[in-house]
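Hi everyone, thanks for coming.

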Amino acid sequence: MSFIEARNIVLSFGATPALRGASVSVARGEILAIMGPSGSGKSTLLHCLAGILVPDSGEILFDGKRVDKLSETQRSTLRRDHFGFVFQFGQLVPELTVEENVALPLLLSGTRRKQALPEAGVWLERLGLEGLEKRRSGELSGGQAQRVALARALVAGPEVLFADEPTGALDTLTGEQVMDLLVASAREQGTTVILVTHEPRVAIYADREVTVRDGRASAHASDRIGS
Amino acid sequence: MSVPLTLLGLLERQSSHGYDLKRDYDTFFGRGKPLPFGQVYATLSRLARDGKVEISEVRPGDGPDRKRYVITDIGATEVHTWLIEPVEPEPHLQTVLFAKVVLALMLDLPAEEYLDTQRSAHLRRMRKLNEIKSGDNLVDALLADFGLFHLEADLRWIDLTVARLDALTKAVRP
């Protein structure tokens, strides 16, 4: 039973085709890695699944409902209430402290600051970031910043976590630490994870992987899914 | 690398004399280590004994008679089964994978699918090594890392090869 699904997605940027009939299906609580070379369309597929981009044709379903039929405002609400995001670079707001950055999704959803900051503190402790609450992003190492981004992505209890090259800017050891925390947190919370990466050492944290090539997604032979 | 299977693969492409098989083997797979004539004919004799090749014609030559070998259904099945099966993921398997890719392209078989299957086998093996790392034993983790980095190098080769398949096809199918 799929929880989030893309069916025969086609999307072009002007005259350049990015996705040419990509299909992928993810079960609730599953961790899926989307792999592929640069320019293959893997990030575009993730953005379509997350309701950031709307495909020219095809369907995106989340928990049985059509995401591609929603208005921009409805998709924005869906992302805020149900999804979390971790990207490779530049995700933290430099003017805010670490704890404010982590609390941001809660504050945007209307949670009072008095309640949001302690909740952020719980996640900071869980990800080994206690003591850094008052720092700003410029005062953090790459690994610390990525863990803060992970805490912020998970603080509101998303049903799906989208991670696009989450360790792309980190060294091997720090990247492993971030992935260990990401996977452990997701398993603990029952969060579905869709992970875009070109690195096999990151993809192996997933339950299975699909490869996007020339705008089409294909499951590997051992665990082929609808594509 | 399996010499019998590689010779069978070359015969699946077209029937050949032993001399032509040696020439093609040396061109595509020898890499500075030519196959001795004795090994070519000994291998062909064993393949004929096992019903994997047959002699289609015999012509007298200056020295020994020239025999043309043709692959049988049994031999062809063995080649195709071998090509489809992923290689046991371990360091230094590139020569086998390399032979499979080149033969698949020569035979107009789906090399990309074979490489995808191999990638999947590699990732499964890497997952197992990653599980070892999740334990508390740092020495085990160190050893697992050694395997992981080597398998990752294979995967990079696989991905690069997939990206070059069109050009490779032209290189091996004149």
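**A quick tour of two chains**

Let's start with confidence: chain A has a mean pLDDT of 90, and 96% of its residues reach 70 or more.

Which elements of chain A have the lowest and the highest mean pLDDT? The lowest is strand S10, residues 216-219, at 77, and the highest is strand S8, residues 192-196, at 97. Then there's residues 221-227 of chain A, where pLDDT stays under 50. The model does have 18 contacts for that stretch, counting beyond four places in sequence. Just keep in mind that where pLDDT is low, the predicted coordinates should not be read in detail.

Okay, the overall look of chain A. You can count seven helices and 10 strands in it. Its C-alpha atoms fill a box of roughly 45 × 40 × 35 Å along the principal axes. For 227 residues, a compact globule would have a radius of gyration near 17 Å, and chain A has 17 Å, so that agrees. Of those 227 residues, 46% count as buried. And if you take the contacts in chain A between residues at least 6 apart in sequence, 68% of them join residues at least 24 apart.

Now let's zoom in on a few residues of chain A.

My pick to begin with is A:Leu92. You'll find A:Leu92 in the loop between strand S6 (83-86) and helix H3 (98-108) of chain A. Is A:Leu92 buried or exposed? A:Leu92 has 21 other C-beta atoms within 10 Å, and the cut-off for buried is 20 or more, so A:Leu92 is buried. Who does A:Leu92 touch? Leaving out residues up to four places away in sequence, A:Leu92 touches A:Asn101, A:Ser137, A:Ala145, A:Val148 and A:Ala149. Take A:Ala145 out of that list: A:Leu92 and A:Ala145 sit 53 residues apart in sequence, but 7.6 Å apart in space, C-alpha to C-alpha.

Compare that with A:Gly138, which is in the loop between helix H4 (113-126) and helix H5 (142-154) of chain A. A:Gly138 is exposed, with 8 other C-beta atoms within 10 Å. From A:Gly138 to A:Leu154 you go 16 residues in sequence, and the C-alpha atoms are 22 Å apart in space.

A:Asn8 isn't a glycine, but it has a positive phi of about 55°. A:Asn8 is in strand S1 of chain A, residues 2-13, and with 16 C-beta neighbours inside 10 Å it counts as partly exposed. A:Asp63 isn't a glycine either, and it has a positive phi of about 50°. A:Asp63 is found in the loop between strand S4 (57-62) and strand S5 (65-66) of chain A. With 13 other C-beta atoms within 10 Å, A:Asp63 is partly exposed.

On to chain B. Here we have eight helices and three strands, and along the sequence the pattern goes α-β-α-α-β-β-α-α-α-α-α. The C-alpha trace of chain B spans about 70 × 30 × 30 Å along its principal axes. Chain B has 174 residues, and buried ones make up 29% of them. For contacts in chain B between residues at least 6 apart in sequence, 58% join residues at least 24 apart.

There's a helix pair in chain B I'd like you to find. Helix H1 (residues 3-13) and helix H2 (residues 18-30) of chain B pack at an angle of about 110°, with their axes 10 Å apart. So H1(B) and H2(B) are roughly perpendicular to each other. On the H1(B) side you have B:Thr6, B:Leu7 and B:Leu10, and they meet B:Leu21, B:Asp24, B:Tyr25 and B:Phe29 in H2(B). By class, that contact of H1(B) with H2(B) has five nonpolar residues, one polar and one charged.

Last stop, where the chains meet. How many residues of each chain are involved? It's 14 residues of chain B in contact with 10 residues of chain A. On the chain B side, helix H6 (111-133) and helix H7 (138-163) each supply at least two residues. The largest share, nine residues, comes from H6(B). And that side of chain B has five nonpolar, three polar and six charged residues.

That's my tour, over to you for comments.

How values were computed:
Residues are numbered from 1 along each chain as its sequence is written. Chains are lettered from A and ligands numbered from 1 in the order in which they are written. This is a predicted model: local features need pLDDT of at least 70, side-chain atom pairs count only at pLDDT 80 or more; totals for chains, interfaces and linings use all residues. Two residues are in contact if their C-beta atoms, placed from the backbone, lie within 7 Å. Helices (H or I, at least four residues) and strands (E, at least two) are DSSP runs, numbered from the N terminus. Ala, Val, Leu, Ile, Met, Phe, Trp, Tyr, Cys and Pro count as nonpolar, Asp, Glu, Lys and Arg as charged, and the others, Gly among them, as polar. Axes are lines fitted to C-alpha atoms, for helices over the stretch in contact, and angles run from 0 to 180 degrees between N-to-C directions. Angles under 35 degrees count as roughly parallel, over 145 as roughly antiparallel, 65 to 115 as roughly perpendicular and the rest as oblique. A residue is buried if 20 or more other C-beta atoms lie within 10 Å of its own, exposed if 12 or fewer, and partly exposed in between; C-beta atoms are placed from the backbone. pLDDT is the predictor's confidence in each residue, from 0 to 100. The radius of gyration is taken over C-alpha atoms; the globule rule is 2.2 Å times the number of residues to the power 0.38.
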